[in-house]
Amino acid sequence: MPAQPYIYELKMKVRDYECDLQGIVNNANYQHYFEHTRHEFLLTKGVSFAELHNKGIDAVVVRLEMAFKSSLRPTEEFVSKLYLKKEGLRYVFYQAIYRLADNRLCITAKVDNAVLINGKLGHCEALDKIVEECEKSIPQ
């Protein structure tokens, strides 16, 4: 994936238990990092997945692509970045994680989400508003 105009960053630190026998972050934990970043980003915009769910609106991951570049190790600090676009009915989060010590790219991801409203595919006004804000913040 090419360099992206990231609009949100969240700093985190690798915890020992997230690593495997090789002493690197287990691949599944990157999905946790990305999910936490998406949730925190939306909270900064006043959107909570729990509140949406209580209204019958569920944003669900329907496709996930990850490209591993460099491994994180215990206690390393990193920054998780994202930007959001709407592609058809899908809300697509483009994400990346960089190790802070050397700004090295560790992983990129493209996370496609669909919105179900009372079980039927649809649009979410709150997410549409965030997408519009994101598009305005990206330099042309």
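**Briefing: core, pocket and salt bridges**

Lys81 touches Tyr6, Tyr8, Glu9, Tyr94, Gln95, Ala96 and Tyr98, leaving out residues up to four places away in sequence; contact here means heavy atoms within 4.5 Å. The model is predicted, so local features need pLDDT of at least 70 and side-chain atom pairs count only at pLDDT 80 or more, while totals for chains, interfaces and linings use all residues. Residues are numbered from 1 along each chain as its sequence is written, and side-chain values use heavy atoms, with hydrogens and water left out.

- Lys81 lies in strand E3; strands (E, at least two residues) and helices (H or I, at least four) are DSSP runs numbered from the N terminus.
- Lys81 is buried, at a relative accessible area of 15%, where buried means under 20%, exposed over 50% and partly exposed in between (1.4 Å probe, protein chains only).
- Ala109 is in strand E5 and is buried, with a relative accessible area of 0%.
- From C-alpha to C-alpha, Ala109 and Met66 are 4.3 Å apart in space, although 43 residues separate them in sequence.

**Nonpolar core**

- The largest nonpolar core has 31 residues, and those with the most contacts inside it are Tyr30, Tyr33, Phe41, Leu72, Leu84, Ile97 and Ile130.
- Two or more residues of this core come from each of strand E1 (8–13), helix H1 (27–44), strand E3 (77–87), strand E4 (90–99), strand E5 (104–117) and helix H3 (125–137).
- A nonpolar core is a set of buried Ala, Val, Leu, Ile, Met, Phe, Trp, Tyr and Cys residues joined through side-chain atoms within 4.5 Å.
- In soluble globular proteins, nonpolar side chains tend to be buried together.
- Leu84 touches Ile7, Phe41, Tyr91, Val92, Phe93, Ile130, Val131 and Cys134, not counting residues up to four places away in sequence.

**Largest pocket**

- The largest pocket has a volume of about 180 Å³, a volume being the space filled by probe spheres set on grid points, which are joined across faces, edges and corners.
- A pocket is an open set of points on a 1 Å grid over the protein atoms alone, where a 1.4 Å probe fits, with protein on both sides within 12 Å along at least five of seven lines; lining residues have an atom within 4 Å of a point.
- The lining consists of Gln31, Phe34, Glu35, Arg38, His39, Phe49, Ala59, Val61, Leu64, Val111 and Asn113.
- H1, strand E2 (57–68) and E5 each give two or more residues to the lining, and H1 gives the most, with five.
- By type, the lining divides into six nonpolar, three polar and two charged residues; Ala, Val, Leu, Ile, Met, Phe, Trp, Tyr, Cys and Pro count as nonpolar, Asp, Glu, Lys and Arg as charged, and the others, Gly among them, as polar.

**Salt bridges**

- The whole structure has eight salt bridges, each a side-chain nitrogen of Lys or Arg within 4 Å of a carboxyl oxygen of Asp or Glu.
- Glu18 pairs with Arg15 in a salt bridge, with the closest N and O atoms 2.4 Å apart; Glu18 is buried at 3%, whereas Arg15 is partly exposed at 43%.
- Glu65 and Arg63 form a salt bridge at 3.1 Å, N to O.
- Asp112 and Arg90 also form a salt bridge at 3.1 Å, N to O. Asp112 lies in strand E5 and Arg90 in strand E4, so the pair ties together parts 22 residues apart in sequence.
- Asp112 is buried at 5% relative accessibility, and Arg90 is partly exposed at 36%.
- A network of salt bridges links Glu76, Arg99 and Asp102.
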